[in-house]
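Subject: Two-chain model, handover and notes

Hello,

Here is the structure I said I would pass on. My notes follow below it.

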Amino acid sequence: MIFHSLDFVLFFLVVLTAYWRLPHRAQNRLLLVASYVFYGWVHPWFLGLILFSTTVDYWAARWMEDDPARRKVYLGASLAANLGMLGYFKYANFFADSIATILEAAGLPASRVTLDVTLPVGISFFTFQALSYTVDVYRGQLRARRSFVDVATFVALFPQLVAGPIERASALLPQVEGERRFSADAARTGALLIAWGYFKKLVIADNVGLIADKVFAVEAPGFHVLWAGVLAFGIQIFADFSAYSDIARGVARWFGFELMVNFDNPYFARSPQEFWRRWHISLSTWFRDYVYIPLGGSRRGLPRELANVMMVFLLSGLWHGANWTFVLWGGYHGLLLVGQRLFRRFVPVRAPAWLAPLQIAGMFVLVQVGWLMFREQDVRMLLRGLTLTPAGASPIDVQAGLALALLTGLYALPLVVQGIWSEWLAGPRLLEPPRARTPVRVAWLAGQGLLAGLLFAGILVFRSRASMDFIYFQF
Amino acid sequence: MQTSRLELAFVVLLALTVPFGLRPLASQLTRDAAPSYLPSLDPFLERAPFDPSLGEQLRRVRPHYVFIGDSMLGSRIDPQYLSDRLGYRSWWVMQPGTGSAYWYLALKNVVLGSGLRPKTVFVFFRDENLTDVMFRLDPSYRWALDRIAHDREPELDAVIAKRQLGGWHPVHRAIERLTGSGVVGRRADAWLRRLPSRLVAGDDKVEAFDKEMNDLFAFERLRPRVAADMATADDDKLDFPRALGASVLPEMVRLARAHDVRLCFVRVQRRPRPDGPPVDSPALQRYIADLRTWLADNGAGFHDFTGDPDYTLDWYKDGDHMGGWTRRRYTELFAVKLAPFFR
């Protein structure tokens with residue numbers, strides 16, 4: 001089921017109404033059933049995968065605690081089951097194809113085998129979330145849970161099941177286990193998050209996505225048109241993915257859950273490191289805690305630190321998709337971070353504050369170069385794009401590029417305004433009503449209702465007529 | 001101080017009420033518009049006026065053979081050549097970018113509405129779009145339909161309403177109807193999309209600039225795989241019995257029979273592969289077989305050009321369109337291959 005469908009609106013209202021009439025244990029059972037309905041709505045067989053992952057992790061965690069001497073074996077089983085499933089459904093064809101290419105390049109006979117495998121939506125998200133549970137139990141940072149329903153609800157909680165945020169067991173499981181009370185405050189802010197999320201998805205992401213699709217469908221776009229398309233994609237992927245996270249967080253609040261913030265104005269980052277502290281935070285911190293630190297992090301000298309950074313980003317690229325262009329994208333960001341760390345090591349000077357706008361603009365451009373690698377599926381076309389120059393561009397290429405960039409900018413305007421507001425002006429204080437029950441408070445609440453209503457009206461008026469799936473579903 | 005439930009209800013209700021503020025704006029925008037001829041599609045429909053010249057043209061030519069279709073027809077048949085050189089007095093109602101709703105109105109309002117009774121009316125179509133009434137019915141294409149639609153088109157409206165019964169269509173329509181967001185959205189969307197062109201090219205050159213922009217993204221400039229994907233039929237629409245019930249096809253056949261006009265539906269061949277004709281999916285093969293049977297049972301003709309070895313890739317220009325250099329040859333072959341319909 002997808003958030004931007006009326007199926008989901010009805011589903012949400014029905015589940016919510018029943019949910020708050022039930023005692024706590026029954027609430028969890030209802031959430032589990034609802035989450036499975038949500039996930040299996042189009043392909044019920046996907047449920048087999050999530051049940052398999054949950055069952056393996058539930059028992060692996062319990063046996064780790066019951067039999068600590070063999071906990072490595074149980075962790076290995078959990079890793080093998082989750083990563084094996086991910087590897088088969090997401091990477092089987094990619095690896096088979098890559099091996100065949102290598103064999104052919106070496107002049108050896110190779111037969112290309114293509115498996116008829118459907119990629120289950122959200123598999124990369126729920127396997128990583130489930131793994132956080134077994135790894136934390138293995139490390140002794142978390143107790144293994146006795147209740148299968150609680151663990152299964154943690155793995156499958158529907159608001160964030162298919163596209164994150166990737167929640168940690170240590171953050172979400174206690175919320176599943178604890179009593180939850182309906183909070184009108186959380187519901188109010190949740191409603192605003194939902195409205196803003198839908199606006200970002202249906203108005204911004206889907207409209208600029210059409211521009212990106214058009215540009216990337218052309219065989220040989222000129223320099224200006226190509227980069228206007230890349231800009232459109234950069235706006236699309238941020239609006240789309242952060243929209244999903246906002247809707248997920250908003251919906252979760254109506255059920256009494258608090259999910260982590262996944263995006264924090266990433267396009268205002270001044271450096272590669274800051275970008276990754278603001279972009280897809282739940283994935284970045286997952287890789288930091290479960291890959292980078294176990295590899296030694298920055299504790300084993302500079303060469304090892306830089307190698308660890310590269311390893312994490314290559315894996316992160318591969319996590320996003322089974323294509324070498326994703327690996328290239330990960331490697332590119334790894335190199336940016338390596339460059340930054342080396343620069344800091346040898347030039348330990350803090351940049352003056354007045355340089356911030358230039359740093360932001362520079363980082364924005366670097367990120368867009370990365371998006372070209374991310375969006376372009378064809379390595380030959382990627383190389384063409386990276387080597388294009390504005391020299392000799394035709395007048396129509398310049399004008400068309402400008403027009404497409406302007407249209408992207410018009411759609412992205414609310415995103416920019418919201419970003420500036422939350423970054424430098426009122427920030428989260430906007431969501432806090434005046435304390436006393438005064439006319440100012442009523443006016444403030446009316447303002448919020450009006451804002452949500454304007455977003456709703458904006459969706460009805462400006463929504464793209466060609467609604468697309470959330471981009472991150474494919475990961 | 002925490003938000004109370006009453007305050008929450010106030011915020012949510014206000015948010016849900018705001019979109020209704022669009023309705024006066026929609027009414028204002030459509031103040032001078034004629035009543036909609038397709039109320040189930042759009043209660044605030046703004047339309048171009050009916051154009052009688054198409055019927056007048058037909059009455060002047062008084063053809064025995066009439067062709068109806070879109071650019072598939074336009075790039076294949078030359079009715080003047082058919083009349084002058086082959087002796088079959090013919091004319092057409094050809095409008096690029098149209099679908100079965102247009103073809104139905106062309107038959108009803110232009111051909112039969114002009115009082116003529118041609119021997120045969122040929123209707124050109126691709127794959128499943130004969131039974132897809134929503135094909136090319138979105139606002140950017142609808143102006144063509146306006147030109148041949150009367151003030152009321154209850155049969156077409158009923159078909160569209162039936163087609164929209166499934167899923168959440170009625171809810172979407174109800175929201176658009178109640179808020180007027182459809183008409184405001186169309187105006188706003190058109191204004192917003194036009195704004196960059198106006199800023200870049202200037203108001204006086206915007207048309208020429210848009211044309212150049214369109215050329216940049218024309219079919220022949222697309223990557224081969226994208227072009228191939230665009231040409232693939234959507235298998236979801238290929239359940240013939242279900243599609244038939246929500247299509248204008250039965251009404252077209254009924255009209256032709258009532259006016260003693262022979263109908264022949266012509267499925268054009270899509271772009272061939274370099275090594276052979278295009279390949280139909282199993283679902284499309286079933287659909288075409290069902291269509292053929294239904295038309296035969298209901299006394300209408302059918303000819304399928306798919307797989308015809310005469311039409312190789314070198315006949316084609318872009319996408320499914322044939323090159324202008326092939327039109328006369330195609331027309332000659334057409335007259336031979338469909339000779340029974342020219343008697």
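Chain B has a mean pLDDT of 86, and 93% of its residues reach 70 or more; pLDDT is the predictor's confidence in each residue, from 0 to 100. The model as a whole scores ipTM 0.76 and pTM 0.80. Where pLDDT is low, the predicted coordinates should not be read in detail.

On conventions: this is a predicted model, in which local features need pLDDT of at least 70 and side-chain atom pairs count only at pLDDT 80 or more, while totals for chains, interfaces and linings use all residues. Residues are numbered from 1 along each chain as its sequence is written, and chains are lettered from A and ligands numbered from 1 in the order in which they are written.

Chain A

Chain A has 17 helices and zero strands. Both kinds of element are DSSP runs numbered from the N terminus: helices are H or I with at least four residues, strands are E with at least two. The radius of gyration of chain A is 23 Å, close to the 23 Å that the globule rule gives for 475 residues, so chain A is as compact as a globular protein of that length. That radius is taken over C-alpha atoms, and the rule is 2.2 Å times the number of residues to the power 0.38. The C-alpha trace of chain A spans about 70 × 70 × 50 Å along its principal axes.

Of the 475 residues in chain A, 44% are buried. A residue counts as buried if 20 or more other C-beta atoms lie within 10 Å of its own, as exposed if 12 or fewer do, and as partly exposed in between, with C-beta atoms placed from the backbone. Among the contacts in chain A with a separation of 6 or more, 74% are between residues 24 or more positions apart. Contact here means that the C-beta atoms of two residues, placed from the backbone, lie within 7 Å.

Helix H6 (residues 148–156) of chain A has these buried residues: A:Val151, A:Ala152, A:Thr153, A:Phe154, A:Val155 and A:Ala156. Their cover includes H2, helix H3 (46–66), helix H5 (123–138) and helix H7 (169–177) of chain A. Helix H2 (residues 24–40) of chain A also holds A:Val33, which counts as partly exposed because it has 14 C-beta neighbours inside 10 Å.

Chain B contains an open sheet of five strands in the order E2-E1-E3-E4-E5, with parallel pairing. Strand E2 (90–94) and strand E5 (301–304) of chain B stand at the edges with a single partner strand each, so one side of each has no neighbour in the sheet. From one strand to the next the twist averages 20 degrees. Two strands pair if DSSP finds at least two bridges between them. Axes are lines fitted to C-alpha atoms, for helices over the stretch in contact, and angles run from 0 to 180 degrees between N-to-C directions.

Strand E1 (residues 65–69) of chain B pairs with E2(B) in the parallel sense over five bridges. In that pairing B:Tyr65 stands opposite B:Ser90, and B:Ile68 stands opposite B:Val93. E1(B) also pairs with strand E3 (residues 120–125) of chain B, in the parallel sense over four bridges, where B:Phe67 has B:Phe122 as its bridge partner. Further along, strand E4 (residues 262–267) of chain B runs parallel to E5(B) and is joined to it by four bridges; there B:Phe265 is partnered with B:Phe302.

Five of the five residues of E1(B) are buried, so E1(B) is largely enclosed by the rest of the structure. B:Tyr65, B:Phe67 and B:Gly69 point one way, B:Val66 and B:Ile68 the other. E2(B) is mostly covered, with four of its five residues buried.

Between the chains

In the interface, 44 residues of chain B are in contact with 36 residues of chain A. On the chain B side, the elements that give two or more residues are helix H1 (5–17), helix H9 (169–179), helix H10 (181–201) and helix H11 (206–216). H10(B) supplies the largest share, 13 residues. By class, this side has 27 nonpolar, nine polar and eight charged residues. Ala, Val, Leu, Ile, Met, Phe, Trp, Tyr, Cys and Pro count as nonpolar, Asp, Glu, Lys and Arg as charged, and the others, Gly among them, as polar.

Regards
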